[in-house]
Amino acid sequence: MRALARALLVDAGCPMQLSILCPTPEVQLDWRAAYARLSEALESVGLRTRILPWTELSDPSVTMAAACLAWGYHLQPGRWIALLRPFLGTGTLANSAESLIWNSDKIYLKRLARSVPVVPTHFCSTLDDVTASQLRRRFRSETLVAKPRWGAGAHGLTFLHDGISVPPLRDVLVQPMLTAITEGEISLIYFDGRFSHAVRKLPAAGELRVQAEYGGRVEDFAASDALIELGQSAIKAAPDALTYARVDVVKGNDGRWQVIELEAIEPELFLHLAPDGGRALGEAFRKRLSIFCP
């Protein structure tokens with residue numbers, strides 16, 4: 001039925017309305033500025049957009065949707081996955097339901113590690129002092145970083161220092177503290193598999209988290225061909241082609257670039273720093289949706 005509705009809209013010469021999934025009202029985050037940049041990029045190629053809380057994805061009026069601003073989905077992972085499952089095998093979502101489900105669970109890093117260098121990662125159903133001690137020796141790092149298996153941004157991130165008892169943690173991934181993290185993370189942004197632009201995310205003084213809510217800042221970054229190829233290899237590991245994606249890379253403790261995250265759900269795309277203002281994103285969406293606007 002969704003495919004039929006889509007065909008009728010196109011045959012009638014009507015521009016399709018794209019639903020941008022946004023946070024639910026109780027999520028106290030200001031996403032309006034990000035939506036304004038996103039909608040401007042999409043409307044530049046003739047795509048009309050509307051906002052829709054991600055919990056309303058099953059609304060029958062949805063003909064096409066993108067999860068670009070679905071902040072907070074990780075707080076209700078069971079509900080999120082249940083909403084995505086009916087869309088498996090369909091073209092309704094800009095990044096497919098297969099890719100969104102895959103990217104929601106950070107265990108995807110295991111698959112990614114088959115294709116590209118990834119920050120050393122161990123998954124624990126339950127983390128205790130004994131396991132933490134073993135991982136410190138394995139990673140050769142006195143300090144470990146634990147992250148929820150279902151998480152976004154720095155939510156739930158815990159630093160585990162040697163000599164301090166591990167708090168109760170379940171379903172987490174554990175990584176070594178990266179000594180070069182103070183130099184920042186590099187974010188490589190791709191639209192329809194093509195490199196668009198890169199930024200460096202830097203933490204505030206005395207802080208290790210690079211997110212804006214912790215005082216982090218962003219600056220332009222000229223990515224080398226090798227870094228661009230690293231990011232492209234990462235996104236090719238996804239279940240299928242991604243309309244939009246961000247690959248975050250860091251200098252590992254071995255001095256090599258390593259992927260720390262692949263974001264295909266609701267990444268900040270830093271469109272204000274894109275050379276074309278984000279038009280390439282709009283073109284990628286239009287191609288994905290097979291809409292031909294004058």
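Q: Which residues form one aromatic cluster?
A: Trp54, Tyr73 and Trp80 form it; rings of Phe, Tyr and Trp (its six-membered ring) pair if their centres lie within 6.5 Å. This is a predicted model, in which local features need pLDDT of at least 70 and side-chain atom pairs count only at pLDDT 80 or more, while totals for chains, interfaces and linings use all residues. Residues are numbered from 1 along each chain as its sequence is written, and side-chain values use heavy atoms, with hydrogens and water left out.

Q: How many aromatic pairs are there in the whole structure?
A: The search finds six. In one of them, the rings of Trp54 and Trp80 have centres 5.6 Å apart and planes at 80°, so the pair is edge-to-face (planes over 60 degrees apart; under 30 is stacked and the rest tilted).

Q: Are Trp54 and Trp80 buried or exposed?
A: Both Trp54 and Trp80 are buried, meaning under 20% relative accessible area, with exposed over 50% and partly exposed in between (1.4 Å probe, protein chains only).

Q: Now the helices: at what angle do H3 and H4 cross?
A: The axes of H3 (residues 77-84) and H4 (residues 97-104) cross at roughly 165° and come within 10 Å. That makes H3 roughly antiparallel to H4 (an angle over 145 degrees).

Q: Which residues make the contact?
A: Trp80, Ile81 and Leu84 of H3 meet Ala97, Leu100, Ile101 and Ser104 of H4, contact being heavy atoms within 4.5 Å.

Technical notes: Axes are lines fitted to C-alpha atoms, for helices over the stretch in contact, and angles run from 0 to 180 degrees between N-to-C directions. Helices (H or I, at least four residues) and strands (E, at least two) are DSSP runs, numbered from the N terminus. Angles under 35 degrees count as roughly parallel, over 145 as roughly antiparallel, 65 to 115 as roughly perpendicular and the rest as oblique.
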